[in-house]
Amino acid sequence: KVVDPNRPGSNFVPFVDKSLRLIAGALNIPYETLAKDFFRTTFSSGRLATLDGRIGFAMRVQTPIDQIWTPVYSLVLDEAIFDDQIPAIDAFDYIARKVEYQTHRWQPQGYGYIDPEKEIKAANLAIEGGTGTKADAAAEKGKDWEEQEDQREREMIREAETEARVAKARQDAFEAEGLELPEDKEARQQEEAQESNNQPAKAAA
């Protein structure tokens, strides 16, 4: 037969679906990630599948970290120190405190949000309740919490400087027109009203 309209039959889709689920289970990878099928995924099921899959991903990442990247990092650092490529570090001090100098941490790729609102609220509640830290929340997204704090500090300083410049420019513009700032005018009027309310009390006394 050149064309058989009965194939694939009605059992083809369930067969492929089951096969992919068995493969995903054997590889310890979420079915949704393997098949790119998120049609029946809810927040809860997707979150559960993601958390389960991260166990397998972490195992695959940790192996090259322990067996390749960390040893290579140590060798590169040794060579750089003994070849005097880092003048700020004394070679004898490096030998005496080698463990301290070679202490480091690899930051794997982070994971995106499934439901940003719920996940951010959960992270904030964990931090407030003492069951989580900013370091945990940042590491989950593949970021360093200290770098985030430094960046946030720079942003807050920049915002404060911008607000100060805008306030100064606004004040100069009002003064150039011989006008009074609305907030200053309101404060002056409140003081005048307060003084006028106190005057009858003094007269009665």
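Visitor: Where does Glu-153 lie?

Guide: In this predicted model, Glu-153 lies in helix H8.

Visitor: Why is Glu-153 called partly exposed?

Guide: The relative accessible area of Glu-153 is 47%, and since buried means under 20% and exposed over 50%, with partly exposed in between, the value for Glu-153 falls in the middle class, so the residue is called partly exposed.

Visitor: How far is Glu-153 from Gly-53 in sequence and in space?

Guide: Glu-153 and Gly-53 are separated by 100 residues in sequence, and their C-alpha atoms are 35 Å apart in space.

Visitor: Which residues form a nonpolar patch on the surface with Trp-106?

Guide: The patch is formed by Ile-68, Trp-69, Val-72 and Val-76 along with Trp-106, and together these residues have about 450 Å² of accessible area.

Visitor: What makes up the lining of the largest pocket?

Guide: The largest pocket has a volume of about 520 Å³, and among its 22 lining residues the closest to the centre are Tyr-113, Ala-123, Ile-127, Ala-137 and Ala-138. The lining divides into nine nonpolar, five polar and eight charged residues, and its largest share, seven residues, comes from H6.

Key: Residues numbered from 1 in each chain as written. Predicted model: local features only at pLDDT ≥ 70, side-chain atom pairs only at ≥ 80, totals over all residues. Heavy atoms only, no water. 1 Å grid on protein atoms, 1.4 Å probe; cavity = no way out; pocket = protein on both sides within 12 Å on 5 of 7 lines; lining within 4 Å. Points joined across faces, edges and corners; volume = space filled by probe spheres on them. Helix = DSSP H or I, 4+ residues; strand = E, 2+ residues; numbered from the N terminus. Nonpolar A, V, L, I, M, F, W, Y, C, P; charged D, E, K, R; others polar. Buried < 20%, exposed > 50% of the residue type's maximum accessible area, 1.4 Å probe, protein only. Patch = residues over 30% accessible without salt bridge, like charges linked within 9 Å, V, L, I, M, F, W, Y side chains within 5 Å. Areas by Shrake-Rupley, 256 points an atom, 1.4 Å probe, with all protein chains shown as cover. Salt bridge = Lys/Arg side-chain N within 4 Å of Asp/Glu carboxyl O.
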